[in-house]
Amino acid sequence: ACGGTNGTPLDQPTDGAPAATAAAGSITVGSANFPESELLMNIYAGALQAKGVNVTTRPNIGSRETYIPALKDGSINLVPEYTGVLMQYFDQSATATAPDEVYAALQQHVPDGLKVLAKAEAEDKDSVVVTRETATQHNLKTIADLAPVAGDMVLGGPPEWRTRETGVPGLKRVYDLTFKEFRPLDTAGPLTVQALKNGQVQAANLFTTDPNVAANDFVALEDPKSLFAAQNIVPLIAADAATDQVTQTLDAVSAALTTENLAAAVKEVVIDRKDSAAVADAFLTTHELK
Amino acid sequence: MTWFLEHLDLIGHYAWAHAKLAVVPLLVGLALAIPIGWLARQVPWLRAPLVAGTGLLYTLPSLAVFILLPGLIGTQILDPLNVLIAMTLYTIALLVRTVVDGLDAVPEDVRLAATAMGYRGVRRFVAVDLPLAVPVIAAGVRVAAVSNVSIVSVAALIGVQQLGSLFTDGFNRAFAAPIVVGLVACVLLALILDLLIVVTSRVLTPWTRARRQPGRAVAAGGAR
Amino acid sequence: MIGGILDWLTDPANTADIVRRLVEHLEYSLLATLLAALIAIPLGLWIGHTGRGAVFAVGIAGAARAIPSLGLLYLFVVWLSPLIGGELAFYIPNMLVLVVLAIPPILSGTYAGIEAVDPAARDAAKGMGMRGPQVLAQVEVPCALPLIFSGLQSALLQVIATATLAATAGMGGLGRFLIDGLAIRDYYQMAGGAVLVALLALAVDLLMSLLKRAVTSPGIGGGFGGRGERPLVSRHRRSTPPAPPTRLRPPHRRRASDDS
Amino acid sequence: MITFEAVTKRFDDGTVAVDDLSLVVPTGRITVFVGPSGCGKTTTLRMINRMIEPTSGRILIDDEDTASMDAAQLRRNIGYVIQHAGLFPHRTVLDNIATVPRLLGTKRGPAREQALTLMERVGLATGLANRYPAQLSGGQQQRVGVARALAADPPIMLMDEPFSAVDPIVREQLQAEFLRLQDELGKTIVFVTHDIDEAVTLGDQVAVFAVGGVLAQMDTPVALLDNPTDDFVADFVGRDRGFRALGFTSAHVSPGRAPTVHLGEVARADAPWVVVLDGDRPVGWVEPHRLDGPVTAPVVHRGGTIARVDGSLRGQLDAALSSPTLQGLLVDEEGRYAGVVEADRVLAAIEAANRGSQAQDEARNEAP
Amino acid sequence: MITFEAVTKRFDDGTVAVDDLSLVVPTGRITVFVGPSGCGKTTTLRMINRMIEPTSGRILIDDEDTASMDAAQLRRNIGYVIQHAGLFPHRTVLDNIATVPRLLGTKRGPAREQALTLMERVGLATGLANRYPAQLSGGQQQRVGVARALAADPPIMLMDEPFSAVDPIVREQLQAEFLRLQDELGKTIVFVTHDIDEAVTLGDQVAVFAVGGVLAQMDTPVALLDNPTDDFVADFVGRDRGFRALGFTSAHVSPGRAPTVHLGEVARADAPWVVVLDGDRPVGWVEPHRLDGPVTAPVVHRGGTIARVDGSLRGQLDAALSSPTLQGLLVDEEGRYAGVVEADRVLAAIEAANRGSQAQDEARNEAP
Ligand SMILES: Nc1ncnc2c1ncn2[C@@H]1O[C@H](COP(=O)(O)OP(=O)(O)OP(=O)(O)O)[C@@H](O)[C@H]1O
Ligand SMILES: Nc1ncnc2c1ncn2[C@@H]1O[C@H](COP(=O)(O)OP(=O)(O)OP(=O)(O)O)[C@@H](O)[C@H]1O
Ligand SMILES: [Mg+2]
Ligand SMILES: [Mg+2]
């Protein structure tokens with residue numbers, strides 16, 4: 001939750017009503033409660049601000065189940081999202097997995113008043129991760145390999161995984177995995193990393209861009225049945241906030257985002273502990289978005 | 001330390017936001033607790049429910065209150081008003097009891113003397129009861145202020161920005177520096193508030209410091 | 001809203017979970033309060049009895065109250081969890097936070113209780129040849145029990161309300177319902193969890209009150225009203241109470257929690 | 001004039017604190033209510049300013065029923081002083097005293113000036129004006145209490161054990177000042193005490209209450225001591241009442257003469273006891289035959305109390321009894337030596353006084 | 001015997017509470033410390049059981065320096081009673097009293113039995129045994145305090161204004177009981193009060209302290225009233241001391257006769273005043289010439305106090321003075337009517353007593 005010294009205004013409304021609707025040239029960008037989302041929020045915010053839009057940020061709102069209603073009731077107008085999970089959020093039965101199919105399905109299911117803009121090439125998928133030791137011991141490469149051992153394993157993940165399609169229920173349906181227990185932790189944050197290291201959980205949900213995976217020599221299991229659909233970064237925006245200028249700006253950002261440059265930026269924030277806003281700013285400068 | 005120095009601006013903004021979220025409800029809560037406390041003393045059968053009932057409010061987890069409030073009162077989900085209202089409720093929860101205790105502590109013979117002199121109703125309350133209850137009420141307000149500073153930080157979990165945001169930020173990155181800074185800032189803020197309240201209450205109650213001139217003998221001698 | 005909460009609370013599918021979380025919650029709360037009492041009561045007794053270190057104790061207790069539990073919890077998780085490992089990695093930080101939370105009320109309750117003992121009784125005890133520890137054990141502690149208990153009670157209530165935070169650090173307890181409910185925006189689960197916390201606090205408060213009454217001498221406090229000159233047997237109600245204490249002690253009342 | 005007409009007070013819990021009380025409190029006089037604890041003195045007093053409402057009966061002030069007046073207005077016109085003074089701890093002495101005038105609408109400035117005058121009147125140094133009550137001694141607090149009650153110059157003053165919280169010496173001072181003040185002001189005063197000594201010292205008339213709120217006797221102090229109506233009252237006015245009653249009879253003895261000596265001089269050796277004077281004031285007695293040289297302070301026998309030549313028989317008898325020669329030392333108003341009086345002469349005066357009062361009694365009894 | 005040898009106490013803040021005090025408290029007697037507030041009475045008392053340590057000087061108990069004893073042991077052998085009794089609110093009356101025996105190792109059962117005996121001894125109904133202090137009246141609490149201090153049968157008792165918190169009537173009772181108890185027990189008692197009346201009533205000897213912790217005079221009560229050494233003491237023992245001093249002289253008057261009548265009978269009409277008897281007890285006087293029929297209670301003149309025929313001159317003089325005839329009513333130990341005494345006969349007895357004591361003085365003075 002670090003606003004930068006430039007780019008991201010800090011006059012976060014604590015004493016008045018938030019911008020209820022995006023008045024011309026003003027927009028509130030929110031983020032979920034993990035660093036990558038916040039970074040993307042800062043990137044969006046910085047880019048928009050460079051174009052003269054009056055931007056307010058609302059980092060760390062929580063999970064999708066919280067910020068989507070916030071988007072609907074006008075507390076925020078824009079939030080960075082992931083195509084796959086968002087599609088499943090709006091349509092439990094969605095089955096598309098390939099990036100473009102997912103994006104198309106998503107566009108179809110986005111409720112009235114909201115819309116998604118152009119997706120980025122950059123992807124950050126959910127993944128099921130185990131320690132190198134566990135992987136070697138049980139010879140695990142894919143999620144499917146977990147089937148014989150899942151009954152002895154505790155799965156760790158964000159609380160919403162207990163009920164979310166791309167969580168415990170999906171793992172059961174798609175891979176027929178029944179874990180001994182599901183342990184709610186945080187959204188791919190330090191608790192999850194820590195719990196995995198400690199052996200409190202044997203498998204956990206982390207993101208593919210998470211620098212901790214490499215840092216701790218974890219193994220991200222492959223997802224052959226594409227439970228976790230394509231997860232391209234995409235701006236989810238309130239329809240009335242999506243002016244041409246905003247749309248063009250965000251499209252430009254999406255065009256610049258790749259999995260690699262996003263992962264590198266996230267690493268700078270999480271591992272090198274740079275400020276999210278500063279990293280966003282550098283990203284925008286590098287890609288000539290400001 | 002370097003992190004601290006590099007983020008002075010941010011910390012300042014957070015501290016200000018935090019202070020507002022803690023202090024505004026404190027004042028509003030106090031303003032509401034005084035009439036409620038008065039009522040609790042005035043109507044004997046209301047006393048137990050009011051004191052115990054408001055006390056029970058306090059055991060409601062703040063996170064739940066922050067989130068459930070919009071559903072109950074129809075505010076927007078991320079509206080800081082939710083936090084302000086929740087904090088006001090907590091303040092009332094603490095202060096009603098204090099106000100009642102403070103009014104209880106007003107010496108009966110003073111109250112009596114006031115009545116006998118022809119004070120009545122609200123005027124007596126304002127001129128006699130309330131000022132005399134100030135020391136006890138101030139003690140309660142100190143507790144409430146410190147407690148508010150602490151509780152407000154929980155609002156970071158629902159994205160309301162204040163010093164508590166340093167906790168979530170640090171935690172998300174397993175980064176101790178912001179957390180430590182946040183903790184220190186919270187404690188300092190609490191101490192400053194505490195000091196302000198102490199000073200205010202001292203200014204309001206000059207008589208509590210007025211003690212007999214040294215020795216009983218002097219005072220007794222003065223009587224002759 | 002109420003109906004939804006009731007449904008959630010009474011749904012048989014949730015029963016096992018609710019019981020488990022309740023038990024966990026109680027376990028955290030009782031253990032933390034016990035640990036805090038082991039530290040704070042002896043310290044409070046010593047301070048109250050000797051009169052030494054009172055300023056220090058009041059200062060520490062005040063400062064400790066100002067520390068937000070959420071931040072402290074996160075700090076402990078970030079600092080300590082990597083050093084501990086195993087199941088305790090989250091347990092210990094949680095416990096530490098709750099202990100830090102519980103110490104101030106117990107400490108000040110104990111200290112104030114001892115300090116409030118009628119100086120005449122203490123004087124009489126000394127005058128009849130009791131030595132320091134005897135005065136403490138036979139007079140000061142029994143007389144201070146109501147306030148010591150109030151301290152414990154208030155600590156326990158704060159801890160119960162605050163133990164919900166354990167869930168944000170990967171532990172169980174009733175806070176799970178809040179955090180999990182929040183994550184999936186299940187208001188009924190959240191509200192149900194909050195109600196459970198309040199009910200637990202209420203029940204524990206009641207139990208503690210009963211326990212307090214059971215262990216304190218009927219001669220003290222509530223029983224017969226004030227002490228001293230007034231013959232209470234004669235039911236002669238005087239209209240003027242005794243002169244108020246000249247020094248107003250900060251009120252010593254229940255404070256349920258700093259955080260929740 | 002305050003009139004109680006068959007007033008009864010029964011509290012909610014059934015306690016009858018005052019039972020069918022009828023009495024008249026005369027204007028401009030001090031009426032003292034006295035009686036054992038719980039006999040309803042305070043309740044009776046408070047019914048006057050309607051801090052307590054009677055269950056039945058009427059209370060009239062100058063023939064107007066108090067029940068028909070506005071309670072707060074009524075109270076503003078009645079001064080009320082209680083045991084611990086009931087001062088407002090949060091106001092300075094001056095503001096305490098100015099309370100009722102301010103309530104009645106007097107401006108701050110004049111109210112304070114008036115308060116200053118009152119401070120002097122009740123014997124308080126004006127230097128204390130800006131102190132808080134906690135900074136005063138008990139006696140000073142009581143004086144503030146009295147001043148505060150006097151501030152609106154109310155015709156009626158109610159005083160509920162106002163002097164009972166101070167020590168005996170200060171108490172005597174306060175009583176003396178109170179009487180002096182009343183001489184000046186002539187208020188209608190109802191004074192509650194449970195001390196019979198205080199009652200007979202202060203009261204123009206004394207009402208003795210028995211437990212249960214019953215008026216046992218109402219009379220002048222002399223009559224009360226002389227002739228209690230029943231055992232309860234007799235018991236209550238207590239032992240020493242013969243002696244105490246002498247306090248109300250002035251002496252008509254002419255001082256006798258005794259040999260004197262001044263401090264520093266040598267006493268005549270022909271008398272067994274000689275009065276020692278310091279200037280014109282008597283100090284005590286010496287026995288010349290035991291002395292070698294001049295009279296010095298340490299050898300003086302100080303057993304004797306000293307009485308006013310125009311004082312009460314009580315003082316003179318005590319002076320005589322406490323003197324080694326059974327001769328009491330007498331002084332004039334300025335404290336100058338006036339002579340001596342023998343115990344038997346005081347006794348004769350007492351007898352004479354007794355006869356006189358009986359003759360009066362007789363006259364009174366035979367008149368109708 | 002408790003001996004103070006040049007004892008001084010200077011508190012940390014520089015207050016000298018006791019200044020170079022030397023005095024002897026005799027064994028088996030009551031020694032009263034009296035003096036104005038803040039004169040160091042309490043400090044002196046508390047130095048005896050070492051609740052306060054002297055700055056300089058020594059305090060010896062039976063010639064053993066207290067400084068060399070173990071403080072707690074010392075205290076267990078000294079009973080200590082304080083103003084508000086200082087009872088333990090959490091213990092029943094019985095357990096309060098049993099405290100010291102329990103400390104000394106007595107088993108619970110015997111300690112309680114002994115406590116019950118003590119309760120009776122100090123005049124407490126044993127039915128109160130299981131009450132808590134808060135359920136007792138002030139007077140009862142004081143009795144418990146005394147019983148508790150007596151429990152270990154300590155040879156020495158220290159009592160610091162033990163009766164000052166109760167009202168005057170209860171106080172007189174407590175004093176009487178206390179004297180009766182002391183007659184039985186013969187403890188060495190140091191008793192602090194600021195009430196000179198209490199001091200002369202209770203003390204075998206009275207030590208008057210002046211502010212600054214200086215011993216102004218130490219003497220028997222009679223000597224103190226008769227002959228205060230200086231103005232401070234004279235002032236302190238106060239007015240009425242002539243009368244008060246009579247309290248120490250027993251009467252040697254033989255009762256005179258007066259006409260009597262029983263309640264319900266018709267009085268002889270030839271006397272102006274007739275003594276009214278109720279059975280064998282005197283009630284008061286009537287004037288037969290004012291009565292039409294038999295004597296009934298309401299017509300009796302009760303002005304007179306009643307004195308014991310073997311009582312003090314004070315009682316007899318008061319009886320005489322308070323009687324309408326200046327004849328005091330006398331009764332024997334059982335309260336039966338014994339005769340009357342005229343005021344002048346009491347006066348003569350006083351004179352005789354005075355001469356006697358002067359003769360004694362003389363004898364004492366000439367002896368060496
Ligand atoms: N509010 C009340 N409710 C019930 N009983 C009361 C109340 N106030 C006084 N009493 C009772 O009425 C009786 C008279 O009380 P009151 O205070 O008038 O006595 P008092 O003569 O002033 O006694 P004291 O000398 O102790 O002041 C007592 O028995 C008392 O207990
Ligand atoms: N602990 C103390 N420190 C400083 N001064 C003290 C202390 N205790 C007593 N004094 C002072 O010593 C003097 C004597 O006090 P002490 O209590 O012995 O008086 P007292 O004669 O018992 O008075 P009282 O009749 O009011 O009880 C007083 O001036 C008092 O203020
Ligand atoms: Mg009264
Ligand atoms: Mg004392």
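A residue is taken to be near a molecule or strand if one of its heavy atoms lies within 4 Å of it. By this criterion, 15 residues surround ligand 1 in the predicted model described here, the closest being D:Ser37, D:Gly38, D:Lys41, D:Thr42 and D:Thr43. Residues are numbered from 1 along each chain as its sequence is written, while chains are lettered from A and ligands numbered from 1 in the order in which they are written. As the model is predicted, local features need pLDDT of at least 70 and side-chain atom pairs count only at pLDDT 80 or more, whereas totals for chains, interfaces and linings use all residues; side-chain values use heavy atoms, with hydrogens and water left out.

Ligand 1 lies between chains C and D. Its polar contacts (pairs of N or O atoms within 3.5 Å; within protein, one atom must be able to donate a hydrogen and the other to accept it, and residues adjacent in sequence count only if both atoms are side-chain atoms) involve both backbone and side-chain atoms of chain D. A polar backbone atom of D:Gly38 is 2.7 Å from an oxygen atom of the ligand. From the side chains, a polar atom of D:Thr43 lies 2.5 Å from an oxygen atom of ligand 1, and a polar atom of D:Glu161 lies 3.4 Å from an oxygen atom of ligand 1.

Ligand 2 has 13 residues around it, of which E:Ser37, E:Gly38, E:Lys41, E:Thr42 and E:Thr43 come nearest. Because the surrounding residues belong to chains B and E, this site is shared between chains. Backbone atoms supply several polar contacts to oxygen atoms of ligand 2: a backbone N or O atom of E:Gly38 at 2.8 Å, a polar backbone atom of E:Cys39 at 3.2 Å and one of E:Gly40 at 3.0 Å.

Six of the six residues of β9(D) are buried (under 20% relative accessible area, with exposed meaning over 50% and partly exposed in between; 1.4 Å probe, protein chains only), so the strand is largely enclosed by the rest of the structure. In a regular strand the side chains alternate between the two faces of the sheet. Accordingly, D:Gln205, D:Ala207 and D:Phe209 point one way from β9(D), and D:Val206, D:Val208 and D:Ala210 the other. Two strands pair if DSSP finds at least two bridges between them. Strand β3 (residues 30-34) of chain D runs parallel to β9(D), joined by four bridges, with D:Phe33 opposite D:Ala207. Strand β10 (residues 214-219) of chain D is antiparallel to β9(D) and joined to it by five bridges; here D:Met218 is the bridge partner of D:Ala207. β9(D) and β10(D) form a hairpin with three residues between them, and D:Gly212 in the turn has a positive phi of about 100 degrees.

Chain E contains an open sheet of three strands in the order β14-β15-β16, with mixed pairing. Its edge strands, β14 (306-308) and β16 (337-342), each pair on one side only. Neighbouring strands are turned by 40 degrees against each other on average, direction ignored. Strand β15 (residues 327-331) pairs with β16(E) in the antiparallel sense over five bridges, and E:Gln327 has E:Glu342 as its bridge partner in β16(E). Helix α12 (residues 313-322) of chain E lies across β14, β15 and β16 of that chain, running at about 130 degrees to β15(E); axes are lines fitted to C-alpha atoms, for helices over the stretch in contact, and angles run from 0 to 180 degrees between N-to-C directions.

A nonpolar core is a set of buried Ala, Val, Leu, Ile, Met, Phe, Trp, Tyr and Cys residues joined through side-chain atoms within 4.5 Å. The largest such core has 220 residues, among which A:Ile27, A:Leu39, A:Ile233, A:Ile237, A:Leu257 and B:Phe66 touch the most other members. Helix α7 (residues 121-152) of chain B provides its largest share, 14 residues. A second, separate core of 46 residues includes E:Ala115, E:Leu150, E:Ile189 and E:Leu224. Contact means heavy atoms within 4.5 Å. Beyond four places in sequence, the residues touched by A:Leu257 include A:Leu40, A:Ile233 and A:Phe283.

Methods:
Helix = DSSP H or I, 4+ residues; strand = E, 2+ residues; numbered from the N terminus.
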